[in-house]
Amino acid sequence: MAEMIITNSRVLTMDEDRPRAEAVALAGGRILAVGSRAEVEALAGPSTRVVDAGGRTLLPGFVESHLHLVLGGNELTQLQLGGVQGFDELARLFRAHAAKNPGLPLLMAQGAAYEILEHPVTRHDLDRVIADRPIAMMSPDHHTVWANTAALQAAGILHGAEMPQGHVVVMGADGTATGELLEFEAFSPVLALTGDLHLQLGIATGGEPEPWPDAAQRAKDKEKVVAGLAHCAMHGITSMVNMDGNRYTCVLLQELEAEGRLTARVKVPFHFKPHMELSELERASAMAAEFRGDWVTSGFVKMFMDGVVDSRTAYMLQDYPGTQDRGAPLFPPERFDEICVEIDRRGLQIAVHAIGDGAVRQTIDGYEAAQKANGKRDSRHRIEHIELIDRADVPRLGALGITASVQPPHPPGAMDFPMSTMDHVFHRHRWQDAYLCKTLADHGAPLAFASDWPVTDVSVMRGLQAALTRVPFAGAADERVGLMEALRAYTAGGARAAHMEGLTGRLAPRFAADLVLIDGDIETIPPDSLGRTGIALTIAGGNVTHDPAGMTSGAV
Ligand SMILES: [Zn+2]
């Protein structure tokens with residue numbers, strides 16, 4: 001018997017056997033039937049809740065293939081500087097935030113543009129904003145932090161610090177830190193002032209909190225996760241690949257599941273860091289074995305091969321324009337190959353953050369080495385970002401079955417990131433190789449779409465708009481994909497990339513009851529209006545997780 005029927009809707013199932021339908025019936029957290037109104041409405045009993053979708057588009061719940069749930073949830077309460085320009089506005093917002101938060105040990109801001117001031121930001125600029133309390137602000141890409149003197153002092157890095165390769169406390173001519181901190185290890189002493197750095201250990205060190213947080217601390221941490229989950233449910237997301245985390249993250253999620261508060265399926269990696277021995281991968285295997293339910297899973301290893309473009313820490317095959325610097329890989333090539341072989345031998349999936357064309361090539365080489373050593377298997381290793389790629393490497397993705405996990409909001413000019421990055425970072429003749437999407441797909445790479453939230457807005461509808469409206473860079477091909485292809489990359493494609501294609505990403509009988517209802521007919525909404533289109537309803541595992549108009553709460 002159907003518990004709920006959603007009818008009078010334009011259903012795009014992402015199921016090749018039956019791509020379109022009018023209604024869906026749900027029961028026991030699963031999809032009972034997909035079909036015409038008559039077929040599905042016949043399954044209604046006296047206690048079935050029948051929801052009239054009013055002609056709206058019903059899709060499989062969105063799969064967010066790359067985000068940072070705990071970071072995002074944590075940041076929702078911090079000062080937001082997206083779109084802020086110039087000292088006066090920066091100072092006004094920071095001072096207002098300070099007045100509202102007298103007790104905070106660190107006033108943290110997010111989304112500060114690299115060009116927020118007319119010159120590179122220093123601690124002296126931020127001292128002029130607020131001098132008597134530690135303050136800091138993070139770049140949108142989350143790879144640079146600027147801190148004032150009080151923050152640097154409290155963190156113990158005003159006079160510099162030993163850092164692993166690629167992580168830099170930038171020093172001035174006077175022998176003190178300028179306030180600019182590049183990459184996680186450099187700014188983690190400042191973030192630690194907030195008292196919640198243990199939530200970021202996965203991405204910081206790959207370690208676990210010590211001592212293990214007690215029930216009171218876990219309860220506090222879970223509220224941050226719940227805030228992040230609620231924000232994602234609002235945007236129709238029912239599954240997500242969390243691109244950082246550790247066993248502690250999994251434990252928090254599993255506790256939320258037991259409490260009935262987990263509103264999305266979450267996959268969490270083991271983070272492998274350059275300093276680790278191969279034997280530490282035993283922890284990755286243990287996580288994979290421990291977390292394998294329908295809601296909380298692990299089973300993959302995340303690594304960073306390089307940094308990001310704006311701070312010029314991405315590893316390129318050629319020097320950056322006007323410099324003799326091309327960044328550097330975070331793993332030596334032979335060692336990286338060895339690591340890939342070992343992860344692959346354990347039957348685990350690999351996801352590597354690779355932004356520069358040098359990093360992308362070295363990552364593909366590692367995956368190729370794994371395949372050579374262990375034979376071809378259904379590994380679905382993936383590369384995250386791919387912001388620049390050498391033409392010779394494009395067909396290698398498809399040939400090796402490597403998923404291109406790309407973010408439609410990221411190309412400069414496509415959504416919130418400024419075009420200025422293109423001139424600063426990429427040689428003109430390479431613009432044709434930057435932020436490829438359609439070209440990668442046309443050469444056989446499976447696509448998975450994401451936001452990298454909180455790096456960009458988690459809104460899938462805005463991401464769809466970016467994917468469908470992006471203007472080609474000068475001299476470059478049109479990298480837009482079609483609506484159906486984009487929707488697939490946000491649903492079935494993402495599910496496949498996460499090894500979840502038997503559970504979610506499609507609307508078909510026995511699949512999880514993960515659905516999203518879009519305000520309007522998505523196929524007739526002009527692409528440049530998609531970003532303003534609302535989410536009427538989100539359902540994950542049969543549970544309503546977002547229902548702003550109370551569509552499902554009416555009379556049975
Ligand atoms: Zn990320």
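Predicted model: local features only at pLDDT ≥ 70, side-chain atom pairs only at ≥ 80, totals over all residues.

Student: Why is the pair Glu-259 and Lys-222 called a salt bridge?

Tutor: The term asks for a side-chain nitrogen of Lys or Arg within 4 Å of a carboxyl oxygen of Asp or Glu. In Glu-259 and Lys-222 the closest N and O atoms are 2.7 Å apart, so the pair meets that cut-off. In general, side chains of opposite charge can pair when their charged atoms come close.

Student: What makes this pair a tie between parts of the chain?

Tutor: Glu-259 sits in the loop between α9 (247-258) and β16 (265-267), and Lys-222 in helix α8 (residues 215-234), so the bridge joins parts 37 residues apart in sequence. Helices (H or I, at least four residues) and strands (E, at least two) are DSSP runs, numbered from the N terminus. Both residues also belong to a network of salt bridges with Arg-218, Glu-223, Glu-255 and Arg-261. The whole structure holds 41 salt bridges.

Student: What makes Arg-265 and Asp-514 a salt bridge?

Tutor: Their side chains meet at 2.7 Å, N to O, and that is within the limit I gave. Arg-265 lies in strand β16 and Asp-514 in the loop between α18 (492-497) and β24 (515-518), so this pair ties together parts 249 residues apart in sequence. Arg-265 is buried at 3%, and Asp-514 is buried at 1%.

Student: Why is Arg-391 called partly exposed?

Tutor: Arg-391 has 40% relative accessibility, so it falls in the partly exposed range. Its salt-bridge partner is Asp-433, at 2.7 Å, N to O. Asp-433 is buried, at 5%.

Student: How do you know which residues are donors of the zinc ion?

Tutor: Donors are N, O and S atoms within 2.8 Å of the metal (3.2 Å for Na, K and Ca); water is not among the atoms, so sites may look incomplete. His-66 (NE2), His-68 (NE2) and Asp-452 (OD) lie 2.1 to 2.2 Å from the zinc ion, so these protein atoms pass. Along the chain the donors follow the spacing H-x1-H-x383-D. His-66 is buried at 1%, and His-68 is buried at 7%.

Student: What makes a set of residues a nonpolar core?

Tutor: A nonpolar core is a set of buried Ala, Val, Leu, Ile, Met, Phe, Trp, Tyr and Cys residues joined through side-chain atoms within 4.5 Å. The largest one here has 88 residues, and those with the most contacts inside it are Phe-62, Leu-69, Leu-440, Phe-449 and Ile-522. Its largest share, six residues, comes from α9. Another core, of 36 residues, lies apart from it, including Val-84 and Tyr-114.

Notes
Residues numbered from 1 in each chain as written. Heavy atoms only, no water. Buried < 20%, exposed > 50% of the residue type's maximum accessible area, 1.4 Å probe, protein only.
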